[in-house]
Amino acid sequence: MLGLDGLRGLAALYVVLFHCWLYTFPGYPHSSAPRWLDGLMFGRLAVVFFLVLSGFSLAISPARHGWRSGGVGEFLRRRAWRILPPYWAALILSLLVSWYVVPASHFGPPTGATLWVYGFVAQDVVTAPTPNGAFWSIGVESELYLLFPLLLFVRRRWGAAILALCVTLPVVAGGLMAAGASPVEGDNWLAPHLAPVFAAGVIGAGIISASDRVRRLPWGWLAVLAALPVLALGLVQGSVWTVNHYFWIDLAVAPAMTMLIAAVATGQPAFLVRLLTTRPVRRLGDFSYSLYLIHLPVVLTVIRRVAPHFVSPGLPTFAFTLALGLPVSICGAWLFSKIFEIPFKRNRSWKSLISRRA
């Protein structure tokens, strides 16, 4: 839909900038970076935005057809066809870089367990040395795909409010029962916590098939109003507190993200839609998944293997990484998408893919 790919592309670009910042300045979230770079600290929220946008995009067609998915098996087949080929190609690339160039984790290089866990996209369930720190969200999203048909069923049978309650109340209850009502998140088992943000996107897609009166509501301004309390809390408490309380921040910001996506999907505000549909932003969105998958091995290689030969640590390394790692990531992702992503977007089966290449 018009503008949504642009949102996806800008979110992916922010994740790249976040990792350039993260691996240049140690001590996250108590970073040694200059304070004026603190705006790059919130890469997690960009991934949360991806999940909201994913739920919204997947639910557009069901929302137009009585909240029916067209068959659970067919939906999961299409998702696997779209997601897994570029993911597996990026996994091989990441393994090679982790083994022979620079480890992706302070726990050491990938092991045999890594091949099984990440090969079967089970990283949100089983712990293994990661070959690529960005892959955690692929495991989460894969689990949410399995949940998606059930979300549609609840939305069709009982409505949006019941769906929101079913996925949010257990998460809130679990959070409140944690010590100090501040859950400490590990590296996996994140899908249950992030299910409400995915469901928020699913619920938001209902705006696409709503009445003209609902569609004409100022969703952009409503998104700003919904985001203001979260932004104000973050400013008052500070960026480190915000990062340490992502469990609650994720839930609090999801409605604002959903309304922003709804605004763009309904063509408002016009200036933002024009920006998102410009050729560079639209093209970035076309290969945003590839950019997300492969940028981190590039960024780590530049920061830990190339930059030390040319610049000093800190801000000079950050500038060097932006000058070299960012364009290489973008150009590499574009080429990677041409081979491993776009063919699977344009063809729905091996037969179609092979016949087109013949």
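What volume does the largest pocket have? The largest pocket has a volume of about 1300 Å³. The model is predicted, with local features needing pLDDT of at least 70 and side-chain atom pairs counting only at pLDDT 80 or more, while totals for chains, interfaces and linings use all residues. Residues are numbered from 1 along each chain as its sequence is written, and side-chain values use heavy atoms, with hydrogens and water left out.

A pocket is found on a 1 Å grid over the protein atoms alone, as an open set of points with protein on both sides within 12 Å along at least five of seven lines; a cavity is a set of points where a 1.4 Å probe fits but cannot get out, and lining residues have an atom within 4 Å of a point. Grid points are joined across faces, edges and corners, and a volume is the space filled by probe spheres set on the points.

Of the 40 residues that line the largest pocket, Y28, G133, W136, G186 and D187 are the closest to its centre. Two or more lining residues come from each of α1 (4–24), α2 (43–64), α10 (239–244), α11 (246–265) and α14 (288–306); helices here are DSSP runs (H or I, at least four residues) numbered from the N terminus. The most is given by α1, with five residues. By class, this lining has 23 nonpolar, 13 polar and four charged residues, where Ala, Val, Leu, Ile, Met, Phe, Trp, Tyr, Cys and Pro count as nonpolar, Asp, Glu, Lys and Arg as charged, and the others, Gly among them, as polar.

The second largest pocket has a volume of about 1100 Å³. Its lining holds 37 residues, and R8, S57, L58, R79 and R82 lie nearest its centre. Here α2 gives the most, with nine residues. The lining divides into 17 nonpolar, nine polar and 11 charged residues.

Helix α2 also packs on α5, at an angle of about 30 degrees and with the axes 11 Å apart. Axes are lines fitted to C-alpha atoms, for helices over the stretch in contact, and angles run from 0 to 180 degrees between N-to-C directions. The two helices α2 and α5 are therefore roughly parallel to each other (angles under 35 degrees count as roughly parallel, over 145 as roughly antiparallel, 65 to 115 as roughly perpendicular and the rest as oblique). The contact (heavy atoms within 4.5 Å) is made by R44, V47, L51, S54, G55, L58, A59 and P62 of α2 and W136, S137, V140, E141, L144, Y145, F148 and L152 of α5. These residues comprise 11 nonpolar, three polar and two charged.

Helix α5 (residues 136–158) also meets α7 (residues 191–204), where the axes come within 9 Å and cross at roughly 55 degrees. The pair α5 and α7 is therefore oblique. From α5 the contact uses W136, V140, E143, L144, L147, F148, L151 and L152, and from α7 it uses A191, L194, A195, F198, A199 and V202. Of these residues, 13 are nonpolar, none polar and one charged.

A search of the whole structure finds one cavity of 30 Å³ or more. The largest cavity has a volume of about 40 Å³ and is lined by V97, S98, V102, A104, P131, N132, L296, P297 and L300. Helix α14 gives the most to this lining, with three residues. By class, seven of the lining residues are nonpolar, two polar and none charged.
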